[in-house]
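Hi everyone, thanks for coming.

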Amino acid sequence: MKKNIGAIVLLLIVTVSAYSQGNNYKQNYTKYQGLALTPPMGWNSWNKFACNVDENLIKQMADAMVSTGMKDAGYTYLNIDDCWHGDRDSLGFIHPDPKRFPSGMKALADYVHSKGLKIGIYSDAGSQTCGGRPGSRGYEFQDAQMYAKWGIDYLKYDWCNTEGLKQEGAYKTIAAALQKAGRPIVLSLCEWGQSNPWRWAGNVGHLWRSTGDITNQWEGVKSMGTWRALSVMKILESQDTLRKYAGPGRWNDPDMLEVGNGMPVNEDRAHFSMWAMIAAPLIAGNDLRNMSKATAEILMNKEVIAVNQDSLGVQALKYTTKDSLETWLKPLKGGDWAVTFLNRNSQPQQVDFDWQSRVINDDLSKATLDAKLGTYKVRDLWTKKDRGDTRKALKATVPAHDVLMLRLTKS
Ligand code: GLA
């Protein structure tokens, strides 16, 4: 008996001392909950400015987000991509490039916040970023601490120079570091879909790149030497099968918008419409300080944005394809539907769609579109005009590389 009491006392001492030494600390490898409940909207420097970023550019872009109406249209995050970095100090803490960001990141974040916007930053899981700046490998907790101190709201975390690392572990490490730093930060995974992040990242980050890098081109790919940039249509082709992984707080990210970066206006319109349909993050990548009226009208079409930001958070399904005319459907909150006819052909295509003769069931969301059970009003989201209702078949012409985008509302 005495022996037993001795053993119990010893066990108690060991347990208590283990706890008092901090051995009860557990990493939390999950994302902050409650963020990005609809696809994030904002602006990012990469597509237009690549490595040419500095504090003046970011401040001017913050001003432009407000003066152009982008902020009011819902664009919130102002994200600095690669090349803001300076060196690490003797303790390992990262600092911005003092020439490009002489006022420091905290002052810049304060400026962006004073405009009612949020600020994002970029790092990389490897030893260096894709642009050759210091990566976060080995410094994850220190970097997260710095971001929190500066007031950062969004982190895009890239995947260059990651020899020997595995995606899931590396992204869980930065998620844990962000948790430890204590500031709610949206985590945007950027490993180009290589490890099928949709399978494991839903609880680690808020969005994950599902493809390689986009370029301002309609079809095909563009050789960039050691890698290939993908056109808008090429990216779209690979997104359909991923719809079941998306939802509030967890989005497939087919890369940032190229609207206003050189494609013809019809292609920009189709690009924006399809990104809205597939519940993609809407991160503009053009120069907001001097965008054309046509670009502004695309990026700030509130009815199209409403399709993207719908609180149901269901990614569109590709319903049919015929002669390069694709029909996409997105169930919306309250029984509405968005319907987009995308013409990939270089010739105009006719649409002849009889609502009465088909019943559309979405197995994923369990939504049903059956015009025989009730009439829907039909609204054209680009001409912003009503187009009758679903008692009559829809007949229309969709110009080349363009869309007809509709919203159906139960009447
Ligand atoms: C990768 C990313 C891009 C961009 C660049 C920056 O290519 O996929 O979106 O962030 O790096 O160097």
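I'll go from the domains to the ligand, then to one helix and a few backbone angles.

Please keep in mind throughout that this is a predicted model.

Let's begin with the overall layout. The domain assignment gives domain 1 as residues 41-308 and domain 2 as residues 317-410. Their C-alpha centres sit 31 Å apart. As for how they meet, 27 residues of domain 1 are in contact with 26 residues of domain 2.

Now to the ligand. Which residues are around the ligand? If you'd like to click along, they are W46, D81, D82, Y122, C130, G131, K156, D158, C190, W192, R209 and D213. D82 places a polar side-chain atom 2.8 Å from an oxygen atom of the ligand. For W192, a polar side-chain atom is 2.9 Å from a ligand oxygen atom. In the side chain of R209, an N or O atom is 3.3 Å from an oxygen atom of the ligand. And how much of the ligand does the protein bury? Taken alone, the ligand exposes 310 Å², and the protein buries 94% of that.

Next, please find helix α7, residues 167-181. The buried residues of α7 are Q167, A170, Y171, I174, A175, A176, A177, L178 and Q179. If you're looking for a pattern in that list, remember that an α-helix has 3.6 residues a turn, so residues three or four places apart point the same way. What do the buried residues of α7 pack against? Their partners are α6 (140-150), β6 (154-158) and β7 (186-189). Just after α7, G182 takes a positive phi of about 90°.

That brings me to the backbone angles. Most residues other than glycine have a negative phi. Here are two with a positive one. D255, in the loop between β11 (251-253) and α9 (265-277), has a phi near 85°. A279 is in the loop between α9 and β12 (282-284), and its phi is about 50°. Are these two buried or exposed? D255 has a relative accessible area of 3%, so this residue is buried. A279 counts as buried too, because its relative accessibility is 2%, under the 20% cut-off.

That's my tour, and I'm happy to go back to any part of it.

Methods: Residues numbered from 1 in each chain as written. Predicted model: local features only at pLDDT ≥ 70, side-chain atom pairs only at ≥ 80, totals over all residues. Heavy atoms only, no water. Helix = DSSP H or I, 4+ residues; strand = E, 2+ residues; numbered from the N terminus. Expected span 1.5 Å × (residues − 1). Buried < 20%, exposed > 50% of the residue type's maximum accessible area, 1.4 Å probe, protein only. Contact = heavy atoms within 4.5 Å. Near = heavy atom within 4 Å. Polar contact = N/O pair within 3.5 Å; in protein donor to acceptor, adjacent residues only side chain to side chain. Areas by Shrake-Rupley, 256 points an atom, 1.4 Å probe, with all protein chains shown as cover. Domains from an automatic or database assignment.
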